[in-house]
Amino acid sequence: ACKKYIKDQKNGILLVNPQLGENKEIKNPFYDTGDYEVYCICPIFNVVNNNKDYDVEKVDEDYKKNIEITGTDFFLVGCYEPQKRQSCIKLYKIIFSEKVVDTKIKFLQNIEICNKQKEKLDGFEVQIKSMIQSKITGNIIITCANGNIYLFTKPNLEHYIKRQK
């Protein structure tokens, strides 16, 4: 995540792959996000919990054996839009190529935030500082600059996964 601090800088996402080795870099490593400031990035995993319940007290090695976690090409970006004075969450996809140096990313959509009654809400009034995905439920935990912590259901990527196939 890259944030503009002075006039000549840009807000954006920098792609880094430490496995490329010496003298190799991704051809277009910087994705300019324009006015919105990127604060955090959260890779998305497909988490399938085959246990009967999510009882936190029962999470031991046997419990973990019944959880399948696979990587995806998707990630969430927590960003702040100064003009709107609110934070938002955006969904991106990594576009891999035959050559690692040709890796790119693509914006897919803004994530709608809804309450329990499925009513759409505006974004957060403060910056999203971190996002992490639970390896037990797949839910996303978000922390904000004001100290609030939010729990979101796991991402539904079925539409995009079907389009990949």
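The model is predicted: local features need pLDDT of at least 70, side-chain atom pairs count only at pLDDT 80 or more, and totals for chains, interfaces and linings use all residues. Residues are numbered from 1 along each chain as its sequence is written, and side-chain values use heavy atoms, with hydrogens and water left out.

**Overall make-up**

- The protein chain holds two helices and 11 strands; these are DSSP runs numbered from the N terminus, helices being H or I of at least four residues and strands E of at least two.
- Read from the N terminus, the order of elements is β-β-β-α-β-β-β-β-β-β-β-β-α.
- The protein chain exposes about 11,600 Å², of which carbon and sulfur atoms supply 48%; accessible areas come from the Shrake-Rupley method with a 1.4 Å probe, and for residues only the protein chains shown count as cover.
- Among contacts (heavy atoms within 4.5 Å) with a separation of 6 or more, 48% are between residues 24 or more positions apart.

**The four-stranded sheet**

- Strands of a sheet pair through backbone hydrogen bonds, either parallel or antiparallel.
- Here, four strands form an open sheet in the order β3-β4-β5-β6, with antiparallel pairing; two strands count as paired if DSSP finds at least two bridges between them.
- β3 and β6 are the edge strands, each pairing on one side only.
- From one strand to the next, the twist averages 35°, with axes taken as lines fitted to C-alpha atoms (for helices over the stretch in contact) and angles running from 0 to 180 degrees between N-to-C directions.
- β3 and β4 run antiparallel and are joined by 11 bridges; Asn49 has Ile67 in β4 as its bridge partner.

**Strand β5 and its partners**

- Strand β5, residues 86-95, is mostly covered, with eight of its 10 residues buried.
- On one pairing, β5 meets β4 (residues 67-81) in the antiparallel sense over eight bridges, and Glu81 stands opposite Gln86 in β5.
- β4 and β5 form a hairpin with four residues between them, and Arg85 in the turn has a positive phi of about 55°.
- β5 is also joined to β6 (residues 104-110), running antiparallel, by six bridges; Ile95 stands opposite Lys104 in β6.

**Nonpolar cores**

- A nonpolar core is a set of buried Ala, Val, Leu, Ile, Met, Phe, Trp, Tyr and Cys residues joined through side-chain atoms within 4.5 Å.
- The largest core has 16 residues, of which Leu76, Ile89, Leu91, Ile128, Met131 and Ile142 touch the most other members.
- Two or more residues of this core come from each of β3 (37-49), β4, β5, β9 (128-133) and β10 (140-144).
- Beyond its neighbours within four places in sequence, Met131 is in contact with residues including Cys40, Leu76, Ile89 and Ile142.
- A second, separate core of 10 residues includes Tyr36, Phe75, Val77 and Cys88.

**Thr33**

- Thr33 is found in strand β2 (residues 30-34) and is buried, with a relative accessible area of 7%.
- The side chain of Thr33 reaches the backbone oxygen of Tyr36 at 2.9 Å, and a polar atom of that side chain lies 3.4 Å from the backbone nitrogen of Gly12.
- Leaving aside neighbours within four places in sequence, Thr33 is in contact with Asn11, Gly12, Ile13, Val38 and Tyr92.

Technical notes. Buried < 20%, exposed > 50% of the residue type's maximum accessible area, 1.4 Å probe, protein only. Polar contact = N/O pair within 3.5 Å; in protein donor to acceptor, adjacent residues only side chain to side chain.
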